Amino acid sequence: ELFEKGQVCMIPSIRRLAAMVAEEGPVARVIRKKLEDTFTPSHLSVLCESHLHNVPRGAEMHFLVHVVSEAFEGKTVLQRHRLVNECLAQELREGVHALRIEAVPTSKWTGEAPEPSPKCLGGSKK
């Protein structure tokens with residue numbers, strides 16, 4: 001009975017989610033908490049992308065946030081981004097260098113993940 005069709009599909013997802021949250025650094029955890037408290041999202045992912053950039057190992061400076069929430073209904077992309085930026089204003093002032101925002105109204109989300117971030121060109125390197 002533990003291996004009913006629906007449960008077998010969920011077990012890897014729960015383990016993956018638990019591993020992701022356990023691996024989050026302190027800045028990512030603060031970002032996650034603030035977004036959860038502010039937007040009560042139906043889906044939220046917070047991904048530190050600092051390892052893709054020329055920063056010290058373990059740095060938490062570049063993030064991708066994917067937030068799906070009823071709070072974004074009827075808002076333009078710019079309005080949604082402003083809401084997320086306002087929510088994370090302190091983090092953006094205190095060390096978060098880059099924030100890629102995917103803020104989606106619940107009615108528009110079909111379960112898709114954001115496109116992968118482009119590779120870092122190292123600032124002035126092209």
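The structure, a predicted model, holds one aromatic pair, where rings of Phe, Tyr and Trp (its six-membered ring) pair if their centres lie within 6.5 Å, and planes under 30 degrees apart count as stacked, over 60 as edge-to-face and the rest as tilted. Phe 39 and Phe 72 form this pair, which is tilted, with 5.0 Å centre to centre and 40° between the planes. The pair links distant parts of the chain, since Phe 39 lies in helix α2 and Phe 72 in the loop between β2 and α3, 33 residues apart; helices (H or I, at least four residues) and strands (E, at least two) are DSSP runs, numbered from the N terminus. Both Phe 39 and Phe 72 are buried, where buried means under 20% relative accessible area, exposed over 50% and partly exposed in between (1.4 Å probe, protein chains only).

Basis of the model

- Residues are numbered from 1 along each chain as its sequence is written, and side-chain values use heavy atoms, with hydrogens and water left out.
- In this predicted model, local features need pLDDT of at least 70 and side-chain atom pairs count only at pLDDT 80 or more, whereas totals for chains, interfaces and linings use all residues.

Overall architecture

- The protein has four helices and three strands, and along the sequence they follow the pattern α-α-β-β-α-α-β.
- Of the 126 residues in the protein, 28% are buried.
- Among contacts (heavy atoms within 4.5 Å) between residues at least 6 apart in sequence, 59% join residues at least 24 apart.
- The protein exposes about 8800 Å², of which carbon and sulfur atoms supply 58%, with accessible areas taken from the Shrake-Rupley method with a 1.4 Å probe and, for residues, only the protein chains shown counting as cover.

- Not counting residues up to four places away in sequence, Val 46 touches Glu 24, Ala 28, Ile 31, Arg 32, Leu 35, Phe 63, Leu 64 and Val 65.

Salt bridges

- The structure holds four salt bridges, each being a side-chain nitrogen of Lys or Arg within 4 Å of a carboxyl oxygen of Asp or Glu.
- One of them joins Arg 32 to Glu 24, with the closest N and O atoms 2.7 Å apart; Arg 32 is buried at a relative accessible area of 9%, and Glu 24 is buried at 8%.
- Another joins Lys 33 to Asp 37, with the closest N and O atoms 2.7 Å apart; because these two residues are four apart in helix α2, they are separated by about one helical turn, and Lys 33 is partly exposed at 46% relative accessibility.
- Glu 102 forms a salt bridge with Arg 100, the closest N and O atoms being 3.2 Å apart, and Glu 102 is partly exposed at 25%, as is Arg 100 at 22%.

Surroundings of His 66

- His 66 is found in strand β2 and is buried, with a relative accessible area of 3%.
- The side chain of His 66 makes a polar contact with the side chain of His 43 at 3.4 Å; a polar contact is a pair of N or O atoms within 3.5 Å, where within protein one must be able to donate a hydrogen and the other to accept it, and residues adjacent in sequence count only if both atoms are side-chain atoms.
- Leaving aside neighbours within four places in sequence, the residues in contact with His 66 include Glu 102, Val 104 and Trp 109.
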